[in-house]
Amino acid sequence: MIRLRAWAAVAAVGLMLVSAAPASAAAPITTAIYTADPAALVVGDTLYVYTGHDEAPAGGTNFVMRDWHVFSSTDATTFTGQGARLSLSTFPWAGADAWASEVERGADGRYYWFVSINGNGPGWMNIGVAVGDSPTGPFTDAIGGPLVSDSTPNSSPLNIDPTVFRDDDGQVYMYWGSYYGLRAARLNSTMTSINGSVVTPQGVSNFWEAPWMFKRNGVYYLAYAANDSGCSQPNYACIRYATASNPLGPWTHRGVVLDQVTSTTNHPAIIEFKGQWYMVYHNAGAPGGGNFRRSVTLDKLFFNADGTMQKVVQTTGPSTGNLALSATPYTSYVSPWETLGAIKDGFTPANSQDRSHGAYGNWDHRGTEWIEYRWPTAQTVGRSEVYWFDDNQGIDLPASCQLQYWNGSAYVPLSATCGVNANTFNVSTFSQVSTTRLRLAITSKTTHSTGVLEWRVLP
C-alpha cells in the first residue's frame with residue numbers, strides 16, 4: 001500500500017494527445033469512515049470485506065492507520081459494518097502502521113488474519129497473523145511475533161500486503177511484498193510458520209505491490225498493483241494480472257484488469273460470490289476523500305471464454321446527470337505529475353487550492369491549452385461547470401476560456417460566457433447541441449500556467 005511520492009522533474013513536452021482512463025467508481029461500501037486495502041472472503045451466503053482504516057486529517061500527507069475493520073453483505077450491494085475487529089494493540093510487538101491484510105480459513109476451521117505491521121524491533125514492516133473462531137473474531141495474536149520480517153531469508157525489500165491462498169489439496173501459499181520485490185512461500189498446516197524457503201516468483205511483469213491470488217477452472221491467477229507508464233500516470237497504480245499452472249509459477253503476464261483510480265494507491269481483491277465475480281478495490285471517491293483518506297468499493301468482473309479477464313468497468317453510484325462520468329478525457333498537455341482523470345472524478349473541491357483528489361495542470365506551458373471529453377456515442381449537452389485550479393505558485397486562474405463542440409469535421413465555438421472565478425464552479429449554459437466531443441480551450445496569463453480541479457458537463 002505504500003507508494004513512492006518523489007515527484008518527477010518537470011519536462012518540456014511538445015503539444016501531444018494525452019488520454020486518461022475513466023476515473024469514476026462505484027459507491028463506497030461505507031462513508032462512515034475511510035477504508036483501504038480490501039480483502040474479501042465468502043463464508044456460506046455472506047461476503048466479508050476486511051479493510052484498513054484511514055484516519056489521516058483533511059490535507060494530511062501521510063497514512064494514519066491503527067486498526068482493521070470488517071464489513072458483511074448478503075447481496076454484494078448493501079454492507080453492514082461490524083466495527084474494528086483487529087488493531088495494533090492486538091500485537092504486543094506492534095509499533096504502528098496497520099496496513100494491508102487478508103483473512104483465510106484454516107484446516108482447523110478457525111480464521112487466520114494476516115496483517116502488515118510496523119513492529120517495535122529492527123527493520124520496518126513485518127507480517128503478523130491473528131486467529132479467531134469466526135470471520136469477525138474476536139481475534140488474538142497467533143504467534144507472539146512476526147511471521148515474516150527483514151530477518152527472514154530472501155524477504156522482500158518491504159514486507160507488506162500478504163495474500164494467502166489455500167489450494168485444493170489443502171496446501172496454503174502466501175504471496176507478499178513491495179518495492180518490486182514479490183515473494184512467495186508455502187505455509188505449514190498451522191498457518192503460523194513458513195514451510196521451506198521463500199521464493200521469488202518469475203514472470204510477474206511490472207509488479208509493484210498488493211498481490212492477490214486465486215484459482216479458477218484449474219488456473220492460478222495473480223493480480224497486483226503496477227505503476228509503469230504503460231498503464232498509469234506517474235505516481236498512480238493500475239492493476240495488472242498474470243496466470244500460471246502452478247501456484248508458485250512461473251507466471252505469464254496477461255494485461256491490465258483495472259485502470260488507475262482517483263487515489264494514487266490501489267489494492268485488489270477478487271472473489272466469486274453467488275455465481276458472480278467481483279473486483280474489490282479502493283479509491284478516493286468518498287466525500288472529503290484523498291490519497292490518505294481512501295474508500296473501498298467493488299465492481300463486477302467478467303471472464304472471457306479463454307479464461308482471460310475483461311477490464312473492470314468502474315461504475316458510478318446514483319445518477320447525477322454529469323455526462324463527464326461516461327466520457328474519456330483528453331488534453332493537449334498535462335504536467336507529468338498531475339492527473340488528467342481528476343477532472344471527472346465527481347469530487348466537489350473545497351476551494352481552488354484543494355488538490356486532495358488530484359488536479360489537472362499544464363505547468364510550465366503558456367498560452368492556450370485544451371482539455372476535452374469524448375463519448376463513444378453522441379450526447380446532448382447544454383451546460384458546463386468548471387472549477388479552476390490555482391496553487392498560488394505556477395498555476396493561476398486563466399485569462400480567458402472558450403467552449404467548443406465537434407460538429408463531425410471541426411470544432412465550433414459555443415456562444416456561452418466562460419467564467420474564470422476562483423473557489424467556485426463557473427457555470428456556462430448554451431443552446432443544446434448533439435456531439436461526441438466537447439472541448440474547453442484555456443488561455444493563460446502571460447506569467448502563469450493553468451489547471452482544472454473538476455469539469456462537469458450536463459444536458
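Glutamate 385 counts as buried, because its relative accessibility is 8%, where buried stands for under 20% relative accessible area, exposed for over 50%, and partly exposed for what lies in between, with a 1.4 Å probe and protein chains only. Its salt-bridge partner is arginine 383, with the closest N and O atoms 2.6 Å apart, and a salt bridge here is a side-chain nitrogen of Lys or Arg within 4 Å of a carboxyl oxygen of Asp or Glu. Arginine 383, at 30% relative accessibility, counts as partly exposed.

Before I go on, a word on where these values come from. This is a predicted model, in which local features need pLDDT of at least 70 and side-chain atom pairs count only at pLDDT 80 or more, while totals for chains, interfaces and linings use all residues. Residues are numbered from 1 along each chain as its sequence is written, and side-chain values use heavy atoms, with hydrogens and water left out.

Let me stay with the charged pairs. Side chains of opposite charge can pair when their charged atoms come close. Searching the whole structure gives 13 salt bridges. In one of them, lysine 215 pairs with aspartate 168, and the closest N and O atoms are 2.9 Å apart. Lysine 215 is partly exposed, with a relative accessible area of 24%, whereas aspartate 168 is exposed at 68%. These two residues also belong to a network of salt bridges that links Asp167, Asp168 and Lys215.

Another salt bridge joins arginine 240 and aspartate 228, with 2.6 Å between the closest N and O atoms. This pair, too, links distant parts of the chain, with arginine 240 in strand 17 and aspartate 228 in the loop between strand 16 (219-226) and strand 17, twelve residues apart. Arginine 240 is buried at 8% relative accessibility, and aspartate 228 is buried with a relative accessible area of 14%.

I turn now to the disulfides. How many does a search of the whole structure find? It finds two, a disulfide being a pair of cysteine sulfur atoms within 2.5 Å. Cysteine 231 and cysteine 238 form one, with their sulfur atoms 2.0 Å apart, and because the torsion about its S-S bond is about -85°, this disulfide is left-handed. Cysteine 231 is buried with a relative accessible area of 12%, and cysteine 238 is buried at 0%. In the disulfide of cysteine 401 and cysteine 418, the sulfur atoms are 1.9 Å apart, and with -115° about the S-S bond that link is left-handed. Cysteine 401 lies in strand 25 (residues 400-406) and cysteine 418 in the loop between strand 26 (411-413) and strand 27 (426-443), so the pair ties together parts that are 17 residues apart in sequence. Both cysteine 401 and cysteine 418 are buried.

Next come the aromatic rings. A pair of aromatic rings is described by the distance of the centres and the angle of the planes. The whole structure contains 23 aromatic pairs, counted for rings of Phe, Tyr and Trp (its six-membered ring) whose centres lie within 6.5 Å, with planes under 30 degrees apart called stacked, over 60 edge-to-face and the rest tilted. For tryptophan 68 and phenylalanine 91, the ring centres are 6.4 Å apart and the planes stand at 80°, so the pair is edge-to-face. Tryptophan 68 is in strand 4 (residues 67-73), while phenylalanine 91 is in the loop between strand 5 (80-87) and strand 6 (94-96), 23 residues apart, and both residues are buried. The pair of tyrosine 175 and tryptophan 251 is edge-to-face, at 6.0 Å centre to centre and 80° between the planes. Trp68 and Phe91 also take part in one aromatic cluster, together with Tyr50, Trp93, Trp113 and Phe139.

I close with charges over rings, meaning NZ of Lys or CZ of Arg within 6 Å of the ring centre and within 35 degrees of the ring normal. Arginine 437 lies over the face of tryptophan 406 at 4.6 Å from the ring centre, and arginine 456 lies over the face of phenylalanine 425 at 3.7 Å.

Terms used. Helix = DSSP H or I, 4+ residues; strand = E, 2+ residues; numbered from the N terminus.
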